[in-house]
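Subject: Structure handover

Hello,

Here is the structure we talked about. Please open it first, then read the notes below.

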Amino acid sequence: MITITTMTMTTHMTMLDDFMVRAGLAGIGTALAAAPLGCFVVWRRMAYFGDATAHAALLGVALSLAFQGPIMLGVLAAALVMAMMVQGLSGRGLAEDTLLGVLAHAALAIGLVAVSFISGARVDLMGYLFGDILAVTVFDLGLIWAGAAAVIALLVWRWQRLLTATLNPDLAQASGISSRAEQLVLTVALALTVAVAIKSVGALLIGALLIIPPAAARPLARTPEAMALITAGIGSVSALAGLGASFQFDTPTGPTIVCVAAAVFCLTALASRLRPINPR
Amino acid sequence: MRLITATGLTLQQAGKTVLRDVDMHIDQGEIVTLVGPNGSGKSTLIKGLIGAIAPLKGTVDKVRGLRIGYVPQSLHMDGLLPLTVSRFLCLPDRHDAEAMHRALTEAGVPDLAKAQMRTLSGGQFQRVMLARALLMSPDLLILDEATQGLDQPGAADFYRKIEHVRRHLNCAVLMVSHDLHVVMAASDRVLCLNGHVCCEGTPEVVQDAPEYRALFGTGAQGAFALYRHDHDHDHHHHHDNDHTHDHA
């Protein structure tokens with residue numbers, strides 16, 4: 001018995017020793033976290049909100065470098081602060097898309113400047129902007145999967161309430177559901193997802209990972225749950241295929257993953273035109 | 001039994017005071033109708049009652065565990081969220097297929113369970129909304145212009161359904177409508193709003209009230225309201241609004 005356990009442990013460890021396996025698992029973990037959240041981002045038209053939060057990640061990187069803490073923790077904190085700020089400022093006069101545009105770009109610019117200040121030593125800025133999935137360590141992998149599990153658990157727990165609030169805030173309120181509370185749930189989930197995804201796709205492409213797989217899944221789904229599951233499938237396949245393609249063609253991994261997802265989007269959009277599964 | 005009571009309720013929307021000092025209540029089993037011109041605060045009052053707008057002043061007291069079935073004025077369904085009728089009926093509480101079929105039959109659309117929400121016509125949509133409200137076995141059914149987009153016979157049929165549902169479930173009904181004659185005939189009590197409660201009482205009392213006549217004209221119990229109003233009419237209340245309305 002002990003021998004068997006040791007043997008599985010050994011294969012396990014050697015498996016995780018392979019950087020491609022680690023990268024693949026990181027990609028799938030990120031895709032699974034992004035799937036249900038991405039659906040809400042699409043349903044509630046929060047694309048800009050996602051971008052603003054993701055761009056704040058860079059500020060989090062600067063913070064982590066300054067205090068020499070784990071990158072993901074700094075990113076989580078910065079994303080959370082940014083998301084709360086956006087939520088607090090919205091609905092106060094300024095047009096929402098303008099406000100989010102200002103915050104998203106400002107966060108990115110301030111992040112870039114801050115990183116340049118802090119890095120006395122060389123910092124792989126490209127790695128934080130576009131992800132460095134091939135450099136994922138076993139420790140990172142643990143954080144990514146723990147974060148993904150937390151996001152999924154949170155969304156599954158609040159699923160019915162979130163859907164009702166998404167449909168109509170007043171309808172939710174009449175059933176005793178506070179749409180502000182549900183918005184907060186999504187905000188926390190978004191910050192967690194950004195922290196999870198910073199290693200694999202980077203601050204600039206997190207938005208793409210949130211939007212493209214659900215958009216690709218939309219024509220194939222008849223219910224919200226089906227859409228979330230199909231999104232998870234498309235995201236995972238994109239991550240693995242993108243990883244393979246980037247290895248094959250020696251291209252940057254994060255962008256290649258997003259390219260594959262975009263290609264899937266084109267296919268499902270085309271297919272739904274030719275043979276409407278779910279006519280518009 | 002008193003289900004919901006509003007006391008001295010003052011409500012704002014988008015920074016503008018829409019309703020002032022509203023006192024109202026709804027008892028178990030009664031049908032209460034809100035009438036008033038556009039912008040008189042009917043929908044705002046409903047939002048205040050369900051808790052979607054926090055009061056600037058005053059309070060809303062609900063009986064413990066009050067179940068509200070709410071049919072909003074409109075519900076924007078875009079193509080982004082895939083949703084079948086049966087999935088919609090299960091938000092936020094899940095129901096079994098048989099209960100859903102019963103509710104859809106009761107609302108007059110028994111065959112729509114598998115349809116996508118956004119493919120429904122206006123009339124089908126309102127009936128599905130009603131079915132959802134019924135599934136909650138509400139103590140209070142709130143309908144905000146629920147017959148919008150229905151033709152006259154469709155609206156009349158809808159109100160007959162409401163009447164039937166009320167007797168069946170013994171729930172109270174609060175509705176807003178522009179079909180004054182239909183609605184008022186079916187009501188136990190009418191509240192006439194115009195930034196405040198102008199007058200209230202049984203349909204007969206309200207119809208004869210000078211405040212109501214000032215708002216709707218003397219012939220308003222006929223066809224749709226014409227919203228002819230005189231601005232020099234006298235209210236027995238004290239506030240400083242200047243009674244300007246949208247003469248659309």
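Two strands count as paired if DSSP finds at least two bridges between them. Please keep in mind that this is a predicted model.

The sheet in chain B. Six strands of chain B form an open sheet in the order 5-6-7-3-8-9, with mixed pairing. Strand 5 (68-71) and strand 9 (197-201) of chain B stand at the edges with a single partner strand each, so one side of each has no neighbour in the sheet. Ignoring direction, neighbouring strands of this sheet are turned by 15° against each other on average. Within the sheet, strand 3 (residues 31-35) and strand 7 (residues 172-176) of chain B pair in the parallel sense over four bridges. In that pair, Ile31(B) is opposite Val173(B). Helix 4 (residues 122-135) of chain B packs on the sheet and touches strand 5 and strand 6 (140-144) of chain B. The direction of helix 4 makes about 170° with that of strand 5 of chain B.

The nonpolar core. The largest nonpolar core has 170 residues, and Ala57(A), Val75(A), Ala79(A) and Val194(A) touch the most other members. Helix 2 (residues 19-43) of chain A gives the largest share of this core, 14 residues.

The contact between the chains. Chain A gives 24 residues to the contact and chain B gives 18 residues. On the side of chain A, helix 7 (138-167) has the largest share, six residues. The residues of that side divide into eleven nonpolar, eight polar and five charged.

Regards

How values were computed:
Residues are numbered from 1 along each chain as its sequence is written. Chains are lettered from A and ligands numbered from 1 in the order in which they are written. This is a predicted model: local features need pLDDT of at least 70, side-chain atom pairs count only at pLDDT 80 or more; totals for chains, interfaces and linings use all residues. A nonpolar core is a set of buried Ala, Val, Leu, Ile, Met, Phe, Trp, Tyr and Cys residues joined through C-beta atoms within 7 Å. A residue is buried if 20 or more other C-beta atoms lie within 10 Å of its own, exposed if 12 or fewer, and partly exposed in between; C-beta atoms are placed from the backbone. Helices (H or I, at least four residues) and strands (E, at least two) are DSSP runs, numbered from the N terminus. Two residues are in contact if their C-beta atoms, placed from the backbone, lie within 7 Å. Ala, Val, Leu, Ile, Met, Phe, Trp, Tyr, Cys and Pro count as nonpolar, Asp, Glu, Lys and Arg as charged, and the others, Gly among them, as polar. Axes are lines fitted to C-alpha atoms, for helices over the stretch in contact, and angles run from 0 to 180 degrees between N-to-C directions.
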